[in-house]
Amino acid sequence: MTNYGYYTESLFVRELERLKEEYNQLVLDDMKVIMKEDILLLEKAMDMLCRNKIY
């Protein structure tokens, strides 16, 4: 069985960093709220992946 945890996790980390950068550059309050929600959802997904790893 191949463990893809590293690749999945690094993909989530890169996406999270990209979203945070986009969030910092936005000036419209509505868009900032949407991006903040996206970042929180991605952080929750990463947390769930970390808890459900098979060793």
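Predicted model: local features only at pLDDT ≥ 70, side-chain atom pairs only at ≥ 80, totals over all residues.
Colleague: How many helices and strands does the protein chain have?

Modeller: The chain has two helices and zero strands.

Colleague: Which residues of H2 are called buried?

Modeller: They are Met35, Ile39, Leu42 and Met46. Buried means under 20% relative accessible area, exposed means over 50%, and partly exposed is in between (1.4 Å probe, protein chains only). Over the 55 residues of the protein chain, 11% count as buried.

Colleague: What makes up the largest nonpolar core?

Modeller: Six residues do: Leu16, Leu19, Met35, Ile39, Leu42 and Met46. Helix H1 (5–25) and H2 are the elements that give two or more residues to this core, and H2 gives the most, with four. A nonpolar core is a set of buried Ala, Val, Leu, Ile, Met, Phe, Trp, Tyr and Cys residues joined through side-chain atoms within 4.5 Å. As background, nonpolar side chains tend to be buried together in soluble globular proteins.

Colleague: Which residues does methionine 35 touch, leaving aside neighbours within four places in sequence?

Modeller: Methionine 35 is in contact (heavy atoms within 4.5 Å) with Leu19, Glu22, Tyr23 and Leu26. Leucine 26 is found in the loop between H1 and H2. Again leaving aside neighbours within four places, leucine 26 contacts Met31, Lys32 and Met35.

Colleague: Why is leucine 26 called partly exposed?

Modeller: Leucine 26 has 25% relative accessibility, so it counts as partly exposed.

Colleague: What makes Leu28, Met31 and Ile34 a patch?

Modeller: Patches are made of residues with over 30% relative accessible area and no salt bridge; like charges are joined within 9 Å, and nonpolar side chains (Val, Leu, Ile, Met, Phe, Trp, Tyr) within 5 Å. Leu28, Met31 and Ile34 form a nonpolar patch on the surface, with about 270 Å² of accessible area together. Isoleucine 34, for one, is partly exposed because its relative accessibility is 41%, and isoleucine 34 lies in helix H2. Such areas come from the Shrake-Rupley method with a 1.4 Å probe; for residues, only the protein chains shown count as cover.

Colleague: How many salt bridges does the whole structure hold?

Modeller: A search finds four. A salt bridge is a side-chain nitrogen of Lys or Arg within 4 Å of a carboxyl oxygen of Asp or Glu.

Colleague: What makes glutamate 43 and lysine 20 a salt bridge?

Modeller: Their closest N and O atoms are 3.8 Å apart, which is within the limit of 4 Å. This pair links distant parts of the chain, with glutamate 43 in helix H2 and lysine 20 in helix H1, 23 residues apart. Glutamate 43 is partly exposed at a relative accessible area of 32%, and lysine 20 is partly exposed at 31%.

Colleague: How far along helix H1 are arginine 18 and glutamate 15 separated, and why put it in helical turns?

Modeller: They are three residues apart in helix H1, so about one helical turn separates them. An α-helix has 3.6 residues a turn, so residues three or four places apart point the same way. The side chains of arginine 18 and glutamate 15 meet in a salt bridge at 2.4 Å, N to O.

Colleague: Why is arginine 51 called exposed?

Modeller: Arginine 51 has a relative accessible area of 64%, so the label is exposed. Salt bridges that share partners also join Glu15, Arg18 and Glu22 into one network. As for arginine 51, its side chain meets that of aspartate 47 in a salt bridge at 2.2 Å, N to O. Aspartate 47 is partly exposed, because its relative accessible area is 35%.

How values were computed
Residues numbered from 1 in each chain as written. Heavy atoms only, no water.
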